[in-house]
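Biologist: I have a new structure open and would like to learn how to read it. Could you walk me through its features one by one?

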Amino acid sequence: MLHLSGYPQPPMRAGHLSVEYDPRPSAVREARAEVRRQLEGWGLADLDDVADVAELLVSELATNALLHSASRFRLTLFAAHGILRCEVRDAGRRVPTVLEAGSSESGRGMFLVDALARRWGCQQDGTGKTVWFELGTCGSDDCCR
């Protein structure tokens, strides 16, 4: 593992992963487990709550992909320059919205993403959308700027 400015960074050429999943309920669990495995491999699993938060938020995005698009989805992870970026791409066109955290059984996923991620967004194209979020991996809000 490479150490820059006292903070661990992913090894060179180890900052990218992309996996596609079939639209089945076990895919959410599999995506969450893949996030944990990859962050452990990059040496980022023990940094504050990065792995726990990344697993939770990927789980929310993967669940939304299954519920709202019922299509295959692709999980992509990038780690570089003190940032972990997680993307979930599906064939749906519906843009996610942040709902208030009420007593409803559903609809809180994007509220969690909005509350826990450093940044997040949605990019649409002709065949679907990619919802993404970013988390800091270097232990300081200023290290990536």
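Modeller: We will go through the sheet, the helices, the core and the salt bridges in turn. This is a predicted model, so local features need pLDDT of at least 70 and side-chain atom pairs count only at pLDDT 80 or more, while totals for chains, interfaces and linings use all residues. Residues are numbered from 1 along each chain as its sequence is written, and side-chain values use heavy atoms, with hydrogens and water left out.

Biologist: Let's begin with the sheet. In what order do the strands of the open sheet stand?

Modeller: First, the terms: helices (H or I, at least four residues) and strands (E, at least two) are DSSP runs numbered from the N terminus, and two strands pair if DSSP finds at least two bridges between them. Here five strands form an open sheet in the order S3-S4-S5-S7-S6, with antiparallel pairing. S3 and S6 stand at the edges with a single partner strand each, so one side of each has no neighbour in the sheet. On average, neighbouring strands are turned by 15° against each other, direction ignored.

Biologist: How many bridges join S3 to S4, and which residue stands opposite Glu20?

Modeller: Six bridges join S3 to S4, and Glu20 faces Arg74 in S4. On the S5 side, Arg74 has Arg89 as its bridge partner, and seven bridges join S4 to S5. The hairpin of S4 and S5 has two residues between the strands, and His81 takes a positive phi near 55° there. Further along the sheet, S6 and S7 run antiparallel and are joined by seven bridges, with Trp120 opposite Phe133 in S7.

Biologist: Next, the helices. Which strands does H1 touch?

Modeller: Contact means heavy atoms within 4.5 Å, and angles run from 0 to 180 degrees between N-to-C directions, with axes fitted to C-alpha atoms, for helices over the stretch in contact. H1 packs on the sheet and touches S3, S4 and S5, its direction making about 165° with that of S3. H2 also packs on the sheet, touching S4, S5 and S7, at about 170° to the direction of S7.

Biologist: How do I see which way a helix faces?

Modeller: An α-helix has 3.6 residues a turn, so residues three or four places apart point the same way. Buried means under 20% relative accessible area, exposed over 50%, and partly exposed in between (1.4 Å probe, protein chains only). In H1 the buried residues include Ala27, Ala31, Glu34, Val35 and Gln38. Among the elements covering the buried residues of H1 are S3, H2, S4 and S5. Just after H1, Gly43 takes a positive phi of about 75°.

Biologist: What lies inside, and which residues have the most contacts within the largest nonpolar core?

Modeller: In soluble globular proteins, nonpolar side chains tend to be buried together. A nonpolar core is a set of buried Ala, Val, Leu, Ile, Met, Phe, Trp, Tyr and Cys residues joined through side-chain atoms within 4.5 Å. The largest one here has 34 residues, and those with the most contacts inside it are Leu39, Phe73, Leu75, Leu84, Phe133 and Leu135. Elements that each supply at least two of its residues include S3, H1, H2 and S7, and H2 gives the largest share, ten residues. Leu39 touches Leu44, Ala45, Val50, Ala51, Ala54 and Leu84, not counting residues up to four places away in sequence.

Biologist: Finally, how many salt bridges does a search of the whole structure find?

Modeller: A salt bridge is a side-chain nitrogen of Lys or Arg within 4 Å of a carboxyl oxygen of Asp or Glu, and the search finds 13. Arg85 pairs with Glu134, their closest N and O atoms being 3.1 Å apart. This pair links Arg85 in S5 to Glu134 in S7, 49 residues apart, and both residues are buried. Glu134 also meets Arg119 in a salt bridge (2.9 Å, N to O). Arg119 is partly exposed, at 46% relative accessibility.

Biologist: Which residues are linked in a network of salt bridges?

Modeller: The network links Glu20, Asp22, Arg24, Glu30, Arg72 and Arg74. One of its bridges joins Arg24 to Asp22 (3.7 Å, N to O).
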